[in-house]
Amino acid sequence: MFDKAVFVGWKNYAHIFTSSISLDVFVNSAIFSVIYVAGSLALALVLAVVLNNGLRSSAFFRGAFFVPYITATVAIALAWRWIFSTRFGVLNNLLIALGVENPPAWLADPAWALPAVALVSIWKDVGFYMILLLAGLQTIDPTLYQAARVDGAGPIARFRKVTVPLLTRSLFFVLIIALVRSTQTFEITYALTNGGPNRASTTLAFFVYQKAFVDFEVGYAAALSYIMCVILGFLTLVSFYFRRKWVHE
């Protein structure tokens with residue numbers, strides 16, 4: 001970082017695409033994005049539909065689900081570190097009580113570290129997505145549901161034929177936000193696992209931080225950032241292209 005800049009052409013990019021570490025990071029990022037986007041959309045939709053159906057104390061639950069989104073990430077990570085603790089954590093003690101003999105070491109096991117980080121990220125952000133979808137649900141004309149009931153449609157049919165088609169614009173908006181957010185995971189990864197164990201939970205944004213501010217390989221980090229920008233731009237363009245196929249205007 002503090003040396004004189006030396007122009008190296010495409011060397012950094014070549015190193016990225018030939019390094020096994022970089023390729024592992026790209027795979028981790030893809031897995032994280034799939035878990036985060038799919039989990040956030042599904043859970044936010046379920047919560048929004050439940051709260052929109054006249055649930056008692058819905059105002060309280062809206063606030064309760066939204067609080068994690070505005071809570072300090074470090075505080076959330078510390079709480080979840082305790083929950084995920086191998087010997088004394090709430091989660092593993094619950095699993096043992098349910099009959100699981102050898103619950104996983106969530107943050108120390110390479111197979112579970114990345115899903116654990118994704119789970120915490122979903123838990124933190126889902127309240128925000130729920131509010132967006134709830135706003136979309138409240139724009140749907142109630143007479144459409146009444147007409148569907150008259151025609152004999154049950155709850156599942158009303159959800160599939162009325163709710164989902166009329167909510168596709170809100171779903172698309174949340175999809176784009178979640179997609180962008182999935183590439184920016186840093187604080188939770190830093191506080192929970194620091195990218196470990198053995199880089200099992202290292203995603204692209206965290207890898208950029210490590211290269212720039214830990215290893216001081218700023219050129220390499222800048223190349224990674226450009227690649228991340230191109231990937232995100234491509235995914236966004238693809239999403240907008242397929243938008244016409246499933247979003248009802």
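Tutor: Let's take α11, which is mostly covered: eight of its 11 residues are buried. Buried here means under 20% relative accessible area, exposed means over 50%, and partly exposed is in between, with a 1.4 Å probe and protein chains only. Helices (H or I, at least four residues) and strands (E, at least two) are DSSP runs, numbered from the N terminus. Before going on, please note that this is a predicted model, in which local features need pLDDT of at least 70 and side-chain atom pairs count only at pLDDT 80 or more, while totals for chains, interfaces and linings use all residues. Residues are numbered from 1 along each chain as its sequence is written, and side-chain values use heavy atoms, with hydrogens and water left out.

The buried residues of α11 are Leu204, Ala205, Phe206, Phe207, Val208, Gln210, Lys211 and Ala212. They pack against α2 (20–52), α10 and α12. Contact means heavy atoms within 4.5 Å.

As for the term, rings of Phe, Tyr and Trp (its six-membered ring) pair if their centres lie within 6.5 Å; planes under 30 degrees apart count as stacked, over 60 as edge-to-face and the rest as tilted.

Now step back to the loop that leads into the helix. Threonine 203 is found in the loop between α10 (187–192) and α11 (204–214). At 2% relative accessibility, threonine 203 counts as buried. What does threonine 203 contact, leaving aside its neighbours within four places in sequence? The residues are Val25, Asn28, Ser29, Phe32, Leu114, Thr185 and Thr189. One of these, Phe32, also belongs to a cluster linked by ring pairs.

Asparagine 194 lies in the loop between α10 and α11, and its phi is near 55 degrees, a positive value in a residue other than glycine. Asparagine 194 is partly exposed, with a relative accessible area of 44%. Proline 197 lies in the loop between α10 and α11 as well, and a cis peptide bond, with omega about -10 degrees, joins glycine 196 to proline 197.

What follows α11? The helix is followed by phenylalanine 216, whose phi is positive, near 60 degrees. Phenylalanine 216 has its place in the loop between α11 and α12, and at 41% relative accessibility it counts as partly exposed.

A search of the whole structure finds 24 aromatic pairs. In one of them, the rings of phenylalanine 172 and phenylalanine 240 have their centres 5.0 Å apart and their planes at 85 degrees, so the pair is edge-to-face. Phenylalanine 172 lies in helix α9 (residues 168–182) and phenylalanine 240 in helix α12 (residues 218–246), so the pair ties together parts that are 68 residues apart in sequence. Phenylalanine 172 is buried, with a relative accessible area of 6%, whereas phenylalanine 240 is partly exposed, with 44%. Arginine 243 lies over the face of phenylalanine 172, at 5.2 Å from the ring centre. A charge sits over a ring if NZ of Lys or CZ of Arg is within 6 Å of the ring centre and within 35 degrees of the ring normal.

Finally, here is the setting for all of this. The chain has 12 helices and zero strands. Of its 249 residues, 40% count as buried. The C-alpha atoms fill a box of roughly 75 × 50 × 30 Å, taken along the principal axes. Among the contacts in the chain with a separation of 6 or more, 70% come from residues 24 or more positions apart.
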